[in-house]
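Please prepare a short briefing on the model shown below, setting out its sheets, domains and chain contacts with the cut-offs that apply.

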Amino acid sequence: MMDLKKNIKLWSNLGMRATFGLIAMELEKKYPNLIITTADVSTSAGLDRFKSKHPDKYIDVGIAEQNLLGVSAGLSSEGFKVISTTFSPFQTLRCCEQIKVNLGYMKHKICMVGLASGLVLGNLGFTHCSIEDIGVLRSIPNIAIVVPSDPYELYKVLNQSIEYKDSVYIRLTAGPNTKIINKDEYEFEIGKAKEILPGNDVVIFSCGNIISNCLEAASVLKEKNIDCSVVNIHTIKPIDAEAILEKSKDKKLVITVEEHNIIGGLGSAVAEVLSEETLKCKLKRIGINDYYSSGGSYEYLKNIYGLSTEKIIQTILSNIN
Amino acid sequence: MNLKNTKNFATNIRKNIIYTAYKAGSKSAHIGGALSIADIIAVLYSNIIKIKKTRTLDDKRDRFILSKGHACLALYSALVEKKIIKKKDLETFETDGSYLLGHPIINKLSGIEFSTGSLGMGLSLGIGVAIAAKKKNRSHKVFVLMGDGECNEGSVWEAIMCACHFKLDNMVIIVDKNNLQQTGRNSEIMDLKSLTNKFKSFGCHTIEIDGHDYKKLFNSITKKTLNRPKVIVAKTIKGKGIKLFENDNNWHHSIITKTIYKDILKKI
């Protein structure tokens with residue numbers, strides 16, 4: 001087994017995308033029939049080394065995402081284990097119907113890695129941000145949606161996704177120097193939420209690297225005698241309804257925090273679970289409030305959409321009483 | 001190629017198509033586009049594609065992908081002739097819970113490789129299958145049948161670029177060029193100009209032939225190409241084989257009444 005502490009540090013420095021490239025090298029050893037398909041993003045996905053070491057297992061179809069999904073499904077139907085990857089908007093919305101028919105309807109299994117999802121590419125504008133991917137994919141049957149919180153979790157997600165029964169959409173957030181959420185070895189299972197921080201007053205459900213802001217907020221609120229639990233809902237589908245109900249029980253406030261439109265994403269998924277039970281608790285969803293703002297840096301956009309640590313604290317304070 | 005057998009096979013396909021459409025009654029069926037590919041399907045399934053009921057899952061089988069899925073009656077009919085599908089199952093066409101709907105549903109045991117019908121998707125699937133065959137060192141072929149109207153879809157051109165780039169000489173792509181699409185002539189809806197020139201310019205080995213000429217179909221489909229995919233632009237007549245339907249786009253998706261059925265059955 002690898003030196004975990006060292007890897008966690010290295011991977012968080014590199015960020016999710018470069019870590020994906022490193023993990024791909026490991027996966028190739030484990031799965032001889034692995035093929036990685038891309039749409040002209042070898043460097044962006046950290047796959048340059050994989051490409052030069054395993055040219056026979058690397059297929060670049062050019063900037064043509066509809067074809068990417070079709071070719072990937074064709075390979076999958078012939079028994080290959082396929083990971084497809086490109087930037088999140090193009091990996092999801094651009095080829096949405098191919099995902100529906102090939103992965104959802106026909107159930108050809110592919111692991112799709114959506115690069116730089118959420119707001120991290122805010123400087124490039126909303127063509128390259130991805131705040132709709134979860135909502136759109138959530139309505140397609142037979143596809144799991146997983147949002148790793150940090151590169152170490154990505155490692156676990158990728159390994160499990162290849163063995164998972166359905167296709168999996170793996171949504172990568174944040175840039176290089178990703179905040180470390182998981183410092184030590186822990187048990188991970190697709191579909192099973194993970195409480196990172198226990199607390200009695202408020203529960204914060206979140207996913208992706210934005211969890212780091214939730215943890216910071218929880219730590220500041222602790223000093224104000226507000227005890228927040230932070231739960232990592234890394235799997236948006238299938239949603240861990242049991243954990244959501246259990247962790248919401250007896251809380252004064254339930255908060256969801258996501259780098260996604262509050263319509264269709266984690267907040268919606270949590271609301272759906274809570275609204276079908278008689279649980280009495282207030283829910284506040286933090287995320288992109290259904291509009292495209294002016295572009296800018298990651299920090300700038302997080303602040304605009306109420307996702308910065310400071311704004312999360314404010315929202316909790318103004319909703320708790 | 002046995003010309004007589006092929007002709008019989010094609011006639012039986014046509015009979016099955018109109019029988020099933022007639023049985024479907026008011027549910028309607030895509031008739032015109034199924035009849036235009038009947039001869040292509042007959043040449044493929046009576047002479048070229050090696051598929052048997054007991055070997056539908058054999059990894060060495062040739063793969064046939066009907067990208068213009070709405071023409072599925074021609075495929076179902078051919079599979080009936082190959083005794084892979086039971087003839088009486090055709091009567092379940094488009095009925096509740098049937099495995100034979102108005103567009104093919106993946107069912108490898110019954111010889112249906114993919115669920116198709118959303119146009120412009122079959123060719124990409126075929127490319128994945130063809131690359132897989134090369135990686136596995138298999139010599140089977142991948143046949144993809146598309147419509148000319150289908151070539152309006154941009155994904156077709158993403159795919160053809162890719163098939164040429166990867167030198168997929170184990171692919172045979174047949175375009176059913178019947179010059180008509182759902183609501184009118186190609187030239188009026190979206191002018192395709194020369195499909196043959198388009199495919200040539202991407203680097204395909206492209207042949208334009210009469211899509212109802214068995215011998216030409218057989219020769220062009222089986223002719224070996226090296227390092228590039230083959231595209232056969234098959235000039236066809238929508239509704240071919242039933243004079244009443246030929247080149248009449250009202251029969252793109254329509255109902256065959258009892259009177260019409262009895263009348264046309266005699267003339268096939």
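Five strands of chain A form an open sheet of mixed pairing, in the order β7-β9-β8-β11-β12, where strands are DSSP runs of E with at least two residues, helices are runs of H or I with at least four, and both are numbered from the N terminus; two strands pair if DSSP finds at least two bridges between them. This is a predicted model, in which local features need pLDDT of at least 70, side-chain atom pairs count only at pLDDT 80 or more, and totals for chains, interfaces and linings use all residues. Residues are numbered from 1 along each chain as its sequence is written, while chains are lettered from A and ligands numbered from 1 in the order in which they are written.

**The five-stranded sheet of chain A**

- Because β7 (194-197) and β12 (282-288) of chain A stand at the edges with a single partner strand each, one side of each is left without a neighbour in the sheet.
- From one strand to the next the twist averages 25°, with axes taken as lines fitted to C-alpha atoms (for helices over the stretch in contact) and angles running from 0 to 180 degrees between N-to-C directions.
- Strand β11 (residues 253-261) of chain A pairs with β12(A) in the parallel sense over six bridges, and Val254(A) stands opposite Leu283(A) in β12(A).
- Helix α11 (residues 266-275) of chain A packs on the sheet, where α11 touches β8, β11 and β12 of chain A and its direction makes about 145° with that of β11(A); two residues are in contact if their C-beta atoms, placed from the backbone, lie within 7 Å.
- Helix α9 (residues 211-223) of chain A lies across β7, β8 (202-206), β9 (228-232) and β11 of chain A, and runs at about 165° to β9(A).

**The seven-stranded sheet of chain A**

- Seven strands of chain A form an open sheet in the order β2-β1-β3-β4-β6-β5-β10, and the pairing is mixed.
- Its edge strands are β2 (58-60) and β10 (235-237) of chain A, each of which pairs on one side only, and the twist averages 20° from one strand to the next.
- Strand β5 (residues 143-146) of chain A pairs with β10(A) in the antiparallel sense over two bridges, with Val146(A) standing opposite Thr235(A) in β10(A).
- Helix α4 (residues 65-77) of chain A lies across β1 (34-38), β2 and β3 (81-87) of chain A, and runs at about 170° to β3(A).

**Domains of chain A**

- The domain assignment gives domain 1 (4-171) and domain 2 (194-320) of chain A, the bounds coming from an automatic or database domain assignment.
- The C-alpha centres of domain 1 and domain 2 of chain A lie 26 Å apart, and the contact takes 21 residues from domain 1 and 25 residues from domain 2.
- On the side of domain 1 of chain A that touches domain 2, the elements that give two or more residues are α7 (133-138) and β5 of chain A.

**Contact between chains A and B**

- In the contact between the chains, 19 residues of chain A meet 17 residues of chain B.
- On the side of chain A that touches chain B, α4 and α6 (96-105) of chain A are the elements that give two or more residues, and α4(A) provides the largest share, nine residues.

**Confidence**

- Chain B averages a pLDDT of 97, and 100% of the residues score at least 70, pLDDT being the predictor's confidence in each residue, from 0 to 100.
- The model scores ipTM 0.97 and pTM 0.97.
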